[in-house]
Amino acid sequence: MKVKSLKDLYKVYKNSKVLITGHTGFKGSWLSLWLRIYGANVSGISISVPTNPSLFEILNLTNEVNDHRIDISDLDKVKKIVNEIQPDFVFHLAAQPLVYESFYNPFNTWSTNLNGTINIIESLLNIKKKCTVIFVTSDKVYKNYEKLEGYKEKDELGGDDPYSASKSSAELAINSYLNATLNNKDNINVGIARAGNVIGGGDWAKYRLVPDCIKSWSQSKTVKIRNPNSTRPWQHVFEPLSGYIQFAANLQNNMNLKNEIFNFGPGYNNTYQVQDLVKEMSKYWSKVKWEVDDKDISNLKETKLLQLDCEKAKNKLNWTSRWNFEKTIKETTNWYKEYYEKNTVNLKKVSIDQINDYLNQD
């Protein structure tokens, strides 16, 4: 069965057993909530909540998810959890996801991103039931020449910083296991999903533009912006998440998609400069101030342009991004306004309403 609509996913995921690694993170929390809307039985593996405030805690997902707090780098514990859950689907998101952080803590970045991926694979080797696994990597796995056209799935891998290198290495590890063992297991269907940075309500990670703006503006402070002229392909968190769950649903019953790689990114018309995003956010937030951060970060290489070509996902999965730049910024900023200015008690309802709004774009 080819999934033609996001609404078809209700019948795919209802009552299924889903394991999400990194479920307490920004993307993991949204994915957990989304799959619970579909009626899935969700379990998660994370070492802790990564930020304070925490989207996972705000959404009260502890009561919705079978919550396992372990280190993804601990193979024995990961094996034990996977064996207990016997999942129908696995979404491997657990990672040290920040480029800047990877410069200051490269060992943890490598251990989490590479060894964590290997541990998930090792834990699946003894699974007897049918299991569909989506390994989520990054757009930064590509060797970046800062070219104008988007990178395609067959383009060269690379990585000059610990984060990018660890993510591209994780893909090499996945492919080596496919050649060595996984291709001989007909019950394990593997796919790789690549996506770039995302924005949306509930992100409080360090070194990210939207959280930096929100944290400063909520305290009536001036936010310092790095590289205001840098171009980014901005996308709402719902875009790649819809891709992951649509990919997994199709992969479950389509052997032609086994071991495939898909890019999930915004359309080319969502490529704007950093200062454009800040100006657009300011339409929804009163009394905002920003200035350029001239701090010397020359030792930290930051790419100026990275665009994905997503034609393959469009053609093979019937997937496309749905929200344009203005809608993306509006929904993102309004979520934070509910949290900071309106002191909305039931942010879970606000979040579910946003997901349903996205689903109703069919």
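Two strands count as paired if DSSP finds at least two bridges between them. In this predicted model, strand β5 (residues 131-136) and strand β6 (residues 188-195) meet that condition, with 6 bridges in the parallel sense. Strand β5 also pairs with strand β4 (residues 89-92), again in the parallel sense, over 4 bridges.

| Pair | Sense | Bridges | A bridge in the pair |
|---|---|---|---|
| β4 and β5 | parallel | 4 bridges | Phe91 with Ile134 |
| β5 and β6 | parallel | 6 bridges | Cys131 with Ile188 |

Is strand β5 enclosed or open to the outside? Buried means under 20% relative accessible area. Because 6 of the 6 residues of β5 are buried, the strand is largely enclosed by the rest of the structure. Both of its faces take part: Cys131, Val133 and Phe135 point one way, Thr132, Ile134 and Val136 point the other way, and all are buried.

A separate site is Ser32, a residue of helix α2 (residues 26-37). Its relative accessibility is 0%, so Ser32 counts as buried. Which residues does Ser32 contact, leaving aside its neighbours within four places in sequence? With those neighbours set aside, Ser32 is in contact with Ile20, His23, Val42, Leu61 and Val65.

Note on methods
Residues numbered from 1 in each chain as written. Predicted model: local features only at pLDDT ≥ 70, side-chain atom pairs only at ≥ 80, totals over all residues. Heavy atoms only, no water. Buried < 20%, exposed > 50% of the residue type's maximum accessible area, 1.4 Å probe, protein only. Helix = DSSP H or I, 4+ residues; strand = E, 2+ residues; numbered from the N terminus. Contact = heavy atoms within 4.5 Å.
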